[in-house]
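Have the viewer open and follow along.

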Amino acid sequence: MPKPTIVLVHGAWADGSSWNAVSAELRGQGFTVFAPPNLLRGVATDAAYISSFVAQRTTGPVVLVGHSYGGFVITNVAADGDEVKALVYVDAFVPDEGETVFQILGGSGSALDVPDPTTVLDLAGYPGSPEGDLEAFLKADTVHSSFAQDLEEADRWLIVESQRPITLGANTTPSGAGAWKSRPSWAVVGTEDRVIPPATQRSMAERAGATITEAVGSHVSMVSEPQVTIDAILAAAAAVGD
């Protein structure tokens with residue numbers, strides 16, 4: 001079989017550049033790599049967009065990789081097409097049908113699971129929003145202390161300044177059927193993740209039957225410890241070719 005195409009789906013408060021270190025290494029090993037925009041508007045909209053991207057921009061087998069909320073998206077994208085052969089979750093949600101982001105984080109000890117979300121997030125309206133919906137931005141202190149605490153200060157400030165917000169609605173929309181039930185999956189668990197605590201990540205990954213590895217890193221371990229993510233993707237790609 002040909003080498004699978006690797007499609008990297010970013011999460012909230014990020015963009016495709018969060019995959020730069022991973023993309024460069026995979027490209028150097030002969031893989032075709034894409035890091036499309038994730039709209040961060042809600043799992044139905046976001047999954048439909050990535051599904052369309054995969055259908056139109058790739059040929060042959062695909063390994064879908066999702067970071068954080070991107071895990072919600074790849075779980076729902078993968079059910080749409082037979083070209084997706086494997087899933088890789090990086091510091092990510094691995095939801096089952098009916099679960100929401102807020103439900104999974106509730107009681108987890110996440111830095112975002114607080115009584116008053118405005119202590120960690122800045123909320124703002126956006127054009128065309130459904131009534132009552134808002135965009136959520138990470139406060140600078142949240143980035144520095146809980147989101148990317150293991151990056152250099154200059155890199156943390158770049159996240160603060162360039163973050164793409166996610167809607168509150170995206171965090172309350174339930175997942176569809178878990179595509180990991182019919183496809184092999186891998187999971188990278190960030191042991192210092194303060195957004196999706198390691199125990200929560202591991203529980204979801206074990207439920208999915210994923211092959212689990214650990215990165216001694218924050219919620220953005222694919223930036224601070226990219227080799228762990230690269231190795232997981234290579235393992236998934238090798239399995240697709242078996």
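**Entry 1: the model.** I note at the start that this is a predicted model.

**Entry 2: the sheet.** I began with the strand order. The sheet is open and has six strands, which I read off as β2-β1-β3-β4-β8-β9, paired in parallel. Which strands sit at the edges? They are β2, at residues 33-34, and β9, at residues 211-215, and each of these pairs on one side only.

**Entry 3: from β1 to β2.** Next I looked at β1, which covers residues 5-9 and pairs with β2 in the parallel sense over two bridges. Here I found valine 7 standing opposite phenylalanine 34 of β2.

**Entry 4: around β4.** Then I moved along to β4, residues 84-90. On one pairing, β3 and β4 run parallel and are joined by six bridges. Histidine 67 has valine 90 in β4 as its bridge partner. On the other pairing, four bridges link β4 to β8, again in the parallel sense. Valine 90 turns up here too, opposite valine 188 in β8. How many residues of β4 are buried? I get six of the seven, so β4 is largely enclosed by the rest of the structure.

**Entry 5: helix α3.** I wanted to know how enclosed this helix is, so I checked burial along residues 70-77: eight of the eight are buried, and α3 is therefore largely enclosed by the rest of the structure. The buried residues include Phe72, Val73, Ile74 and Val77, and also Thr75 and Asn76. What covers them? The cover includes the strands β1, β3 (62-67) and β4, together with the helices α2 (43-57) and α4 (101-105).

**Entry 6: helix α8 and glutamine 201.** I turned to α8, residues 198-207, which lies across β8 (185-190) and β9. Its direction makes an angle of about 170° with β8. Glutamine 201 belongs to this helix. Is glutamine 201 buried or exposed? Its relative accessibility is 2%, and since the cut-off for buried is under 20%, glutamine 201 counts as buried. Leaving out residues up to four places away in sequence, I listed its contacts as Asp91, Ala92, Val188, Val189, Gly190, Asp193 and Ile196.

**Entry 7: serine 18.** I picked this residue from the loop between β1 and α1 (20-28). Serine 18 is buried, with a relative accessible area of 12%. Where does its side chain reach? I find it at 2.8 Å from the backbone oxygen of aspartate 15. Not counting residues up to four places away in sequence, serine 18 touches His10, Met222 and Val223.

**Entry 8: the largest pocket.** Last, I looked for open space. The largest pocket holds about 380 Å³. I count 17 lining residues for it, and those nearest its centre are Ser17, Ser18, Asp155, Ile159 and Val223. Two of these names, Ser18 and Val223, carry over from the previous entry, where serine 18 touches Val223. Which elements give two or more residues to the lining? They are α1 and α6, the latter spanning residues 153-162. The largest share, four residues, comes from α6.

Technical notes
Residues numbered from 1 in each chain as written. Predicted model: local features only at pLDDT ≥ 70, side-chain atom pairs only at ≥ 80, totals over all residues. Heavy atoms only, no water. Pairing = 2+ DSSP bridges. Contact = heavy atoms within 4.5 Å. Axes fitted to C-alpha atoms, helices over the stretch in contact; angles between N-to-C directions. Buried < 20%, exposed > 50% of the residue type's maximum accessible area, 1.4 Å probe, protein only. Polar contact = N/O pair within 3.5 Å; in protein donor to acceptor, adjacent residues only side chain to side chain. 1 Å grid on protein atoms, 1.4 Å probe; cavity = no way out; pocket = protein on both sides within 12 Å on 5 of 7 lines; lining within 4 Å. Points joined across faces, edges and corners; volume = space filled by probe spheres on them.
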